[in-house]
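Me: I have a protein model open and I am new to this. Can you walk me through it, feature by feature?

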Amino acid sequence: MIVLLFGPPGCGKGTQSPRIQQWLDIPLIATGDMLRQEIRSRTHLGRGIESVLSSGGYVGDSQMNRLLLRRSHQTDCVNGFLIDGYPRTVPQAIFLDRLLEKRGFAAPIVIHLQVAEDTLLMRLSGRRQCVECKRVHNIYTNPPQREGFCDCGVPLEERNDDRPEVVRARLQLYTEQTSPVLDYYRGENCFTLDGHRHQDEVFGEIQGIIESRMVRVRHQAPQAVRAALG
Ligand SMILES: [Zn+2]
């Protein structure tokens, strides 16, 4: 089972992805977190990525494909995985299709969370992430128990790419770059959901979609895929 989670920054992907991951018992490949990890480690790749991200841009296809390839080869990915933040371009989507086909996976289920821009701006400008446990708080909608600190005790930081001017650039780039990717996937495996609702309601709809596709895949897929689905 391969699930791709789409939606602009602030749409609720960070809330839904751990829930989907736990429910399906598949790993989450969050390319944004992987990129930030490279930056923190001050690797050669990380320094190049930092200058692109701080100006609101996106990392190139070949770097993203390499990152995805490397991660998806790890043993925990054998029964599938959930991806957040990839593919961001049509060439990346084509790369992923070939990779999945080679490994005998069925076509990915594409979940697109749609949220209005003014809502996104409010959600994002209040966002504070913990560098230790990665938990994302929001000073308006999901405040920590103690102001300025994560519930695990570590001081919270505003991510450089959550500053308002960078957010606007990210939203604009997101729309420009992701629209062609969603067009690429548009069809029976692509679902657009209203992301303004409560997270439980959104998660319930995601579960319903995935369950209905699982049944179809079990009936149609070759033996190897049915075995992998369990
Ligand atoms: Zn924390």
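**Reading charged pairs and a metal site**

Reply: Glutamate 165 forms a salt bridge with arginine 163, and their closest N and O atoms are 2.7 Å apart. Keep in mind that this is a predicted model.

Me: What is the general idea behind such a pair?

Reply: Side chains of opposite charge can pair when their charged atoms come close. The structure holds 12 salt bridges.

Me: Is glutamate 165 buried or exposed, or in between?

Reply: Read the relative accessible area. Buried means under 20%, exposed over 50%, and partly exposed lies in between. Glutamate 165 has 49%, so it counts as partly exposed. Arginine 163 has 27%, so that residue is partly exposed as well.

Me: Which residue does glutamate 38 pair with?

Reply: Glutamate 38 forms a salt bridge with arginine 70. The closest N and O atoms are 3.1 Å apart. Now look at where the partners sit. Glutamate 38 lies in helix H2 (residues 31-40) and arginine 70 in helix H4 (residues 61-72), so the pair ties together parts that are 32 residues apart in sequence. Glutamate 38 has a relative accessibility of 13%, so it counts as buried.

Me: Where do the partners arginine 213 and glutamate 188 lie?

Reply: Start with the pair itself. Arginine 213 forms a salt bridge with glutamate 188, with the closest N and O atoms 3.7 Å apart. Arginine 213 belongs to helix H8 (residues 199-220), while glutamate 188 is in the loop between helix H7 (164-185) and strand E7 (190-194), so this bridge ties together parts that are 25 residues apart in sequence. Arginine 213 is buried, at 11% relative accessible area.

Me: Now the metal. Which atoms coordinate the zinc ion?

Reply: Look for the donor atoms first. Here they are the SG atoms of Cys130, Cys133, Cys150 and Cys152, at 2.3 Å. Along the chain, the donors follow the spacing C-x2-C-x16-C-x1-C.

Me: Why is the arrangement around the zinc ion tetrahedral?

Reply: Check the angles. Ideal angles at a metal are 109.5 degrees for four tetrahedral donors. Around the zinc ion, the 4 donor atoms subtend angles of 104 to 122°, which makes the arrangement tetrahedral.

How values were computed:
Residues numbered from 1 in each chain as written. Predicted model: local features only at pLDDT ≥ 70, side-chain atom pairs only at ≥ 80, totals over all residues. Heavy atoms only, no water. Donors = N, O, S within 2.8 Å, 3.2 Å for Na, K, Ca; no water. Tetrahedral: all angles 85-135°; square planar, octahedral: opposite > 155°, others 65-115°. Salt bridge = Lys/Arg side-chain N within 4 Å of Asp/Glu carboxyl O. Helix = DSSP H or I, 4+ residues; strand = E, 2+ residues; numbered from the N terminus. Buried < 20%, exposed > 50% of the residue type's maximum accessible area, 1.4 Å probe, protein only.
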